Amino acid sequence: MLFDTHLHLDLFTDPKKLIEAIEKQKIYTIAVTNLPQVFLNTQKLCEGLKYIRPALGYHPELAFKFSNQFDLFLELIDQTRYIGEIGLDNQRKTIEDFTSQKKIFENIISVCRERKDKILTVHSRRAEKEVVSIIGNNFPGKVILHWYSGSLNYLENALSYGYYFSVNSAMSQSKNGINIIKNIPLNRLLLESDSPFIGVDKNSVEPYDMKSIIANISNIKQLSTSEINTALNQNFKTLVL
Ligand SMILES: [Zn+2]
């Protein structure tokens, strides 16, 4: 079984062609979106598909500029169990921007808390501390920290709160990423492509080869690819249970 917990389907030039390939290769996929206003389009693309699920998102790097879409987010929240891409980003952001992001993210977490069964895919660049503290312990759903790049302290906190971590090809080849992967226990590890930002570009009609990430993780963890695969599949099943 193959899966991809973070793919930006709607950022591809020909999403329909890509969808065909994903369905054919049977890759269970969470198709994240970056704003409430584009969710319906991705939902439509995913209608009737077996392997791809649309996620309702509010990307932190767009949240300040499009801060007026929270009402729409609320209107759409019950249309899907998957929420993402959401989160916080504090790389070269003004205080005003980051404050606006935080407000929106807190509101999103609060409504997801009420719904109880949401699965979140969360961005946390340079804001790991705030992301972990806002979601906190005992979140009544599932949390995936996507492309985590922060300190091992907050990673420890996130693990103790039960979060998962989705790892991509860039992480599995960078020094910091490899160190992070070493510190994520096997039972919290998931895979993501984060395409078209990495792996394949937006003109591709073929999904990124997720098996290559498994091979890299196998090297990093010093375990066989079949051991890694078994653990990943179990994690994905537990995630969507
Ligand atoms: Zn992303």
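This is a predicted model: local features need pLDDT of at least 70, side-chain atom pairs count only at pLDDT 80 or more; totals for chains, interfaces and linings use all residues.

Student: Great. Which residues are the protein donors of the zinc ion?

Tutor: The donors are His-6 and His-8, each through NE2, together with Glu-85 through OE and Asp-194 through OD. They lie 2.2 to 2.5 Å from the zinc ion.

Student: How are those donors spaced along the chain?

Tutor: The spacing reads H-x1-H-x76-E-x108-D. His-8 and Glu-85 link distant parts of the chain, being 77 residues apart. His-8 sits in the loop between strand E1 (2-7) and helix H1 (15-25), while Glu-85 belongs to strand E4 (residues 82-87).

Student: And why is the arrangement around the zinc ion irregular?

Tutor: Because the angles subtended by the four donor atoms run from 80 to 171°. To count as tetrahedral, all angles would have to lie between 85 and 135 degrees.

Student: Are His-8 and Glu-85 buried or exposed?

Tutor: His-8 is buried, with a relative accessible area of 1%. Glu-85 is buried too, at 2%.

Student: Let's move on to the strands. What does E4 pair with?

Tutor: E4 pairs with E5 in the parallel sense, over four bridges. Tyr-82 stands opposite Ile-119 in E5. To get from E4 to E5, the chain passes through helix H5 (residues 95-115), and this β-α-β crossover is right-handed.

Student: How many residues of E5 are buried?

Tutor: Five of the five residues in E5 (residues 119-123) are buried, so the strand is largely enclosed by the rest of the structure.

Student: Which way do they point?

Tutor: Ile-119, Thr-121 and His-123 point one way, Leu-120 and Val-122 the other, and all are buried. In a regular strand, side chains alternate between the two faces of the sheet.

Student: What about strand E6, how does E5 join it?

Tutor: E5 and E6 (residues 142-146) run parallel and are joined by four bridges. Ile-119 stands opposite Lys-142 in E6, and Thr-121 is opposite Ile-144. The chain reaches E6 from E5 through helix H6 (residues 128-135), in a right-handed β-α-β crossover.

Student: How many residues of E6 are buried?

Tutor: Four of its five residues are buried, so E6 is also largely enclosed by the rest of the structure.

Student: Which strand comes in on E6 through three bridges?

Tutor: That is strand E7 (residues 164-167), which runs parallel to E6. Here Leu-145 stands opposite Phe-165 in E7. E6, helix H7 (residues 152-160) and E7 make a right-handed β-α-β unit.

Student: Changing topic: how many cavities of 30 Å³ or more does the count give?

Tutor: The count comes to one cavity of that size. The volume of the largest cavity is about 70 Å³.

Student: Which residues line the largest cavity?

Tutor: The lining includes Asp-4, Leu-7, Ile-22, Ile-27 and Thr-29. Also among the lining residues are Ser-193, Ser-195, Val-200, Pro-207, Tyr-208 and Met-210.

Student: Which strands each supply at least two residues of that lining?

Tutor: E1 and strand E2 (27-31) each do.

Methods: Residues are numbered from 1 along each chain as its sequence is written. Side-chain values use heavy atoms; hydrogens and water are left out. Donors are N, O and S atoms within 2.8 Å of the metal (3.2 Å for Na, K and Ca); water is not among the atoms, so sites may look incomplete. Four donors count as tetrahedral if all angles lie between 85 and 135 degrees; four count as square planar and six as octahedral if opposite donors are over 155 degrees apart and all others between 65 and 115; anything else is irregular. Buried means under 20% relative accessible area, exposed over 50%, partly exposed in between (1.4 Å probe, protein chains only). Two strands pair if DSSP finds at least two bridges between them. A crossover is right-handed if, with the strands pointing away from the viewer, the path from the first strand over the helix to the second runs clockwise. On a 1 Å grid over the protein atoms alone, a cavity is a set of points where a 1.4 Å probe fits but cannot get out, and a pocket is an open set with protein on both sides within 12 Å along at least five of seven lines; lining residues have an atom within 4 Å of a point. Grid points are joined across faces, edges and corners, and a volume is the space filled by probe spheres set on the points.
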